[in-house]
Amino acid sequence: MAIDIPFSEQTIFLSVIVFLWIVYLWESYLSHRQMKLFKSTEKVPREVEQIMDQTTFSKARLYQIDKATFGFYHGLFSQIENSVILWYGGLPFVWYYSGKLLAGYGFDSTHEIKQSMIFILFCSIFNMIINIPWDLYRTFVIEERHNFNKQTLGFYAKDQIKKFALTIVIILPITAALVWIIKAGGDYFFIYAWVFVFVISLLLVTIYADYIAPLFDKFTALPEGELRQKIEDLAASINFPLYKLFVVEGSKRSTHSNAYFYGFFKNKRIVLFDTLLKDYVSKDEREEKEKKIDEPAKEETGETDNNKDEESTTKEKKSIGCDNEEVLAVLAHELGHWKLSHNLKNLFISQANVLLTFIVFATLHNNKKIFMSFGFMNEMPTIIGLIIILQFIFSPYNEVFSFLMTALSRRFEFQADAFAKSVKQAAYLKSALIKLHKDNLGFPIADSLYSAFYFSHPPLLERLKAMDKLD
Ligand SMILES: [Zn+2]
């Protein structure tokens with residue numbers, strides 16, 4: 001399958017660059033609108049007065065302005081970086097040096113799969129190096145300034161190394177296999193490629209819980225008690241096949257809070273962030289406390305100091321998070337996603353999208369013009385075809401697709417809220433959403449165009465209103 005494109009190489013290349021800049025300018029316009037809203041709204045707006053005080057509102061406003069300013073510079077940098085890489089032939093350059101490295105080991109250019117793996121390795125190293133300063137600034141300046149960051153530099157470094165090693169271990173064999181399938185698959189390679197991607201994504205989701213996530217964070221079973229009992233009762237009442245119930249120590253990273261569930265068939269797990277739970281004390285903390293009680297006081301004055309310290313830290317911790325009823329309501333919302341098959345629907349849409357993408361890829365990947373337009377005059381490496389076609393030629397389609405998926409996600413959020421209401425959790429869900437919004441310093445109002453493009457969750461006020469309307 002191959003169709004002839006009635007454009008010259010230059011036209012293809014220029015169209016890609018122009019489109020990338022149109023998208024960039026559009027996104028900058030949206031961010032500008034949102035920023036204008038942050039800057040002009042200094043007083044807590046009347047419609048949010050009841051749920052947010054002026055102090056929290058001001059804090060949230062400053063946090064959002066900081067994040068948006070950072071986003072502006074980061075976005076501008078990435079846009080210029082990408083344009084420069086494409087304009088000066090960055091892709092053929094890295095491909096050429098991957099081949100040269102391979103040649104040093106006695107392999108010629110017929111070893112395309114090996115060359116593709118080296119190419120991906122080079123690109124990953126480059127991306128990591130370029131991203132680290134931005135990521136450091138985000139974590140240790142912006143998040144730190146607003147009291148969210150809990151990582152130490154050591155923790156951060158270890159985390160980055162693990163993340164990079166794991167990405168490489170996963171991505172290199174997948175690249176190799178995919179290139180092989182496309183080259184050896186014949187006329188219907190797109191079907192095999194799609195099946196391969198489908199199986200790999202199911203596999204990754206399956207091993208993620210037991211083998212990947214624990215490499216980064218500590219998961220402990222939620223201890224027996226009132227909360228656990230209530231969650232089990234709720235799950236049983238709607239036939240949710242709850243298999244395991246974990247608390248993850250998100251507090252080692254940041255004070256942002258969350259809850260989610262995952263897993264296939266009868267293997268569902270619920271994960272709660274410790275930062276979500278107001279009354280949660282980790283096992284380590286419990287043991288430490290017990291030790292302190294066991295230890296006889298050595299020095300009277302020292303002992304009182306210790307106690308004071310401990311009291312103030314617990315107080316600080318208790319200032320965030322939800323009580324048991326609210327946690328239960330958040331879970332009712334999450335279980336609503338399951339009951340309404342939102343994750344299955346998302347899986348179906350994304351797989352249909354992958355298949356469609358491969359079908360179009362099959363019609364384009366033998367087109368010499370496309371390769372020439374990106375500086376590949378004599379060769380047509382499969383991995384390069386994947387990058388050029390899926391990332392650049394497809395970018396208009398990708399933009400539309402992601403816009404629709406974001407809109408769908410907001411719809412799902414409303415539906416999950418309605419589900420929580422149907423199991424009598426609306427009141428607690430509302431107070432939980434307000435609390436989480438404050439804890440995470442979310443901004444309670446949003447520019448309508450900006451939120452339509454970026455918000456995977458509807459703005460807080462819309463969610464509260466929607467739940468009231470259901471009566
Ligand atoms: Zn949700």
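The UniProt record, an unreviewed entry, assigns residues 34-218 to "domain: CAAX prenyl protease 1 N-terminal"; UniProt positions follow the numbering used here, feature names are shortened, and annotations may be inferred rather than shown by experiment. In this predicted model, local features need pLDDT of at least 70 and side-chain atom pairs count only at pLDDT 80 or more, while totals for chains, interfaces and linings use all residues. Residues are numbered from 1 along each chain as its sequence is written, and side-chain values use heavy atoms, with hydrogens and water left out. The span 34-218 is 81% helix and 0% strand, and its end C-alpha atoms lie 36 Å apart. Helices (H or I, at least four residues) and strands (E, at least two) are DSSP runs, numbered from the N terminus.

Glu 334 belongs to helix α10 (residues 324-339) and is buried, at a relative accessible area of 15%. Here buried means under 20% relative accessible area, exposed over 50%, and partly exposed in between (1.4 Å probe, protein chains only). Beyond residues up to four places away in sequence, Glu 334 touches Ala 259, Tyr 260 and Phe 261, where contact means heavy atoms within 4.5 Å. Asp 417 sits in helix α14 (residues 395-422) and is also buried, with a relative accessible area of 2%. Its contacts, leaving aside neighbours within four places in sequence, are His 333, Leu 429, Arg 463 and Met 467.

Salt bridges complete the picture. With a side-chain nitrogen of Lys or Arg required within 4 Å of a carboxyl oxygen of Asp or Glu, the count comes to 17. One of them joins Asp 135 to Arg 138 (3.7 Å, N to O); both residues lie in helix α4 (residues 112-145), 3 residues apart, about one turn of the helix. Another pairs Glu 325 with Lys 230, whose closest N and O atoms are 2.5 Å apart. This pair links distant parts of the chain, with Glu 325 in helix α10 and Lys 230 in helix α7 (residues 226-237), 95 residues apart. Glu 325 is partly exposed at 24% relative accessibility, as is Lys 230 at 22%. Finally, Asp 159, Asp 217 and Arg 253 are linked in a network of salt bridges.
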